[in-house]
Amino acid sequence: MPTISLPDISLNCFDSGDGPPLLFVHGFPLDHSMWRHQLDEFSQTHRVIAPDLRGFGQSGVTSGTVTMEQFADDLAALLDVLGVVEPVVFCGLSMGGYIGWQFFKRHRSRLKALIQCDTRAIADTPEGVANREKLARLVLENGTEPVAAAMLPNLFAEATTPARQAAVEETRQAVLRTSPDGIAAASLGMSIRPDVTADLPSIDVPTLLIVGEEDRISPVEEMRGIAAAIPDAKLTVIPNAGHMSPLENPDAVNAAIRDLLATVG
Ligand code: MLT
């Protein structure tokens with residue numbers, strides 16, 4: 001996969017297919033490979049762009065704190081370097097969704113439609129902030145193993161099938177190979193992300209919300225509330241899936257994405 005040089009960072013980026021641009025933005029603490037079931041299918045009809053965000057996968061790392069605003073600006077800079085001038089369909093999962101809200105606020109003219117999977121609009125509670133700070137210290141002191149152990153049980157619906165067990169193991173490997181500095185910086189960035197609830201009524205692009213029916217991190221009822229607040233939004237609940245719905249039930253997620261693309265191109 002090519003490495004794309006931005007002014008202050010290099011991002012590893014999947015970029016394949018011709019047609020309207022479709023941008024996939026991964027969750028925490030993962031990389032572009034979490035979209036593997038979407039990349040092949042949609043690159044038949046679209047130009048599919050799926051970077052590893054700053055600090056993740058094979059991309060460059062900055063330590064300290066990386067905000068959701070910074071990630072959104074990185075994506076706009078990436079589209080500039082890739083020569084993508086047409087507005088994109090943005091598809092983010094969880095932290096990718098937090099970045100999606102900021103992409104709408106800061107780069108509205110580059111956005112054709114929004115697909116927000118398994119994500120939240122509210123900010124962290126004080127307890128949530130303390131947990132993010134704890135996780136940042138943990139990964140810097142002890143590496144990625146305890147992060148994988150803490151996070152994996154919450155990401156998936158029950159691992160009852162061999163395919164699900166394989167997805168859990170692949171996700172564990174993705175966490176283990178992530179840079180501790182990158183994980184700490186994004187954890188601290190998420191801890192200071194703004195509450196965007198008041199912005200939802202101003203979202204004026206077609207929006208698809210997707211949530212696994214067993215998502216414990218961004219539950220169905222919470223995403224139903226987000227859908228109700230956005231004027232042109234539709235919510236699709238994915239059966240047999242938790243927080244990682246695009247990996248857990250790709251057929252249902254891809255069908256929902258296909259329906260949205262059929263209306264917006
Ligand atoms: C993610 O999947 O990106 C994370 O669960 C987001 C979070 O920790 O809030």
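Tutor: A polar side-chain atom of Arg 132 lies 2.8 Å from an oxygen atom of the ligand. Keep in mind that this is a predicted model, so every distance here is computed from it. His 243 also comes in through its side chain, with an N or O atom 2.9 Å from a ligand oxygen. Phe 28 does it with its backbone instead: a polar atom there is 2.7 Å from an oxygen of the ligand. As for cover, the ligand on its own would expose 270 Å², and the protein buries 93% of that.

Now widen the view to the whole shell. Besides Phe 28, Arg 132 and His 243, the residues around the ligand include Gly 27, Ser 94, Met 95, Tyr 98, Met 190 and Ile 217. Sorted by class, that shell has five nonpolar residues, three polar ones and one charged. The space the ligand takes up is the largest pocket.

What about enclosed space? Rolling a probe the size of a water molecule over the atoms shows where empty space is left. With a cut-off of 30 Å³ or more, the count is one cavity, and the volume of the largest cavity is about 40 Å³. Tyr 98, listed around the ligand, turns up in the lining of that cavity too.

Technical notes: Residues are numbered from 1 along each chain as its sequence is written. This is a predicted model: local features need pLDDT of at least 70, side-chain atom pairs count only at pLDDT 80 or more; totals for chains, interfaces and linings use all residues. Side-chain values use heavy atoms; hydrogens and water are left out. On a 1 Å grid over the protein atoms alone, a cavity is a set of points where a 1.4 Å probe fits but cannot get out, and a pocket is an open set with protein on both sides within 12 Å along at least five of seven lines; lining residues have an atom within 4 Å of a point. Grid points are joined across faces, edges and corners, and a volume is the space filled by probe spheres set on the points. A residue is near a molecule or strand if one of its heavy atoms lies within 4 Å of it. A polar contact is a pair of N or O atoms within 3.5 Å; within protein, one must be able to donate a hydrogen and the other to accept it, and residues adjacent in sequence count only if both atoms are side-chain atoms. Accessible areas come from the Shrake-Rupley method with a 1.4 Å probe; for residues, only the protein chains shown count as cover. A molecule sits in a cavity or pocket if more than half of its atoms lie within 2 Å of its grid points. Ala, Val, Leu, Ile, Met, Phe, Trp, Tyr, Cys and Pro count as nonpolar, Asp, Glu, Lys and Arg as charged, and the others, Gly among them, as polar.
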